[in-house]
Amino acid sequence: MCAFCNQHTITGNSDIVHAEDVQRICSKALEQISDPSDTEIAFFGGSFTAVSREYMIELLQAAKDFLGSGKFKGIRISTRPDYIYEQVLDILKQYGVTSIELGAQSLCDKVLEANERGHSEEDVINASNLIKSYGFELGLQMMVGLYKSTAEREMYTAKRIIELKPKTVRIYPVVVLENTKLASLYRSCEYKLMAFDTVIDLCAQMLKMFYSEGIDVIKLGLHSSELVEQSVVAGFYHPAFSELVQSRIFLDAIKKRCGNNNSIEITVNSRSYSVAAGHKKSNINALKEIGVECKITTDDTLSRQEIKFNGEIINVFKIT
């Protein structure tokens, strides 16, 4: 197990899932989802291709029965880069898997080694290329703020991910969980966390980088659950982490356009109002601290990533 993992805490589930569980969950989901044709069955919470071959096929066979016309479009799994090889991909293709996400976490070997990941940057690259050669949709997961990482190493990882051209990315800021080696390193002061504001800035930069390259960031931050909250020792867990990152992007864009004005007005989509104003109006207050009063109006002809300022429409998520 790697230095930061406590799989029971992350998933909130220690029960072993079997075929009948998959069938029950999928049947219930089909009843509740009006259009399942754009939905995938997902096996997450561990390294799917690292389980026994018989068990993996048992789950896949159960899920495959729910694919096809009027049912789900495919199966999404998550696994480790070092458990991807041709024989496994042949099986996944046979049973209707459409998307594979790799828990890369970092593409810096020094960070991977320090956190006992058991795989290298080269493993991530080779697995990613093999997955794409089979026609699967590739997803990559990265973790920001790991032991021995730096801002420079995080940006290196983001750039390397872009070079691999995944369809999707998940960005997880480090959360130090109880009963992990990372918790021990933290308590001994061997592992010192980055500043929370630095992590927000890094994630904001990465989000813009991925967006500008057409890569979907489908998750930003850990999911909120009582179990996780009770088990957090330290780290960057916040129930509104994604909103904080997006708000930072809006704030940076607004600051660039303030000039010498002490009063400005911007327009955003109504669904982006809270993000533009900032979590608990943090952006409004930050602008006040530099002497700028900011009024925010809404116009739903704008996309959720756009602001209008002085008649100019700017996509704040794109690098310009």
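1. Start with two helices. Helix 11 (residues 241–256) and helix 13 (residues 282–289) have axes that come within 10 Å of each other and cross at roughly 30°. That angle makes helix 11 roughly parallel to helix 13, because anything under 35 degrees counts as roughly parallel. Keep in mind as you read that this is a predicted model.

2. Now look at how the two helices pass and touch. The crossing of helix 11 with helix 13 is right-handed. On the helix 11 side, the contact is made by Ser247, Phe250, Leu251, Ile254 and Lys255. Helix 13 brings Asn283, Ala286 and Leu287 to that contact. What kinds of residues make up the contact of helix 11 with helix 13? They divide into 5 nonpolar, 2 polar and 1 charged.

3. Next, the sheet. Here 4 strands form an open sheet, and their order is 10-9-11-12. The pairing in this sheet is mixed. As a bit of background, strands of a sheet pair through backbone hydrogen bonds, either parallel or antiparallel. From one strand to the next, the twist averages 30°.

4. Which strands stand at the edges of this sheet? Strand 10 (293–298) and strand 12 (312–315) do. Each has a single partner strand, so one side of each is left without a neighbour in the sheet.

5. Strand 12 pairs with strand 11 (residues 306–309) in the antiparallel sense, over 4 bridges.

6. Most residues other than glycine have a negative phi. Gln105 is not a glycine, yet its phi is positive, at about 70°. Where does Gln105 lie? You'll find Gln105 in strand 3 (residues 97–105). Is Gln105 buried or exposed? With a relative accessible area of 7%, Gln105 is buried, because buried means under 20%.

7. Cys189 is another one to look up. Cys189 also isn't a glycine, and has a positive phi of about 70°. Its place is in the loop between helix 8 (181–187) and helix 9 (196–212). Cys189 has a relative accessibility of 48%, so it counts as partly exposed.

Note on methods: Residues numbered from 1 in each chain as written. Predicted model: local features only at pLDDT ≥ 70, side-chain atom pairs only at ≥ 80, totals over all residues. Heavy atoms only, no water. Axes fitted to C-alpha atoms, helices over the stretch in contact; angles between N-to-C directions. Parallel < 35°, antiparallel > 145°, perpendicular 65-115°, else oblique. Left-handed = near helix turned anticlockwise from the far one by under 90°. Contact = heavy atoms within 4.5 Å. Nonpolar A, V, L, I, M, F, W, Y, C, P; charged D, E, K, R; others polar. Pairing = 2+ DSSP bridges. Buried < 20%, exposed > 50% of the residue type's maximum accessible area, 1.4 Å probe, protein only.
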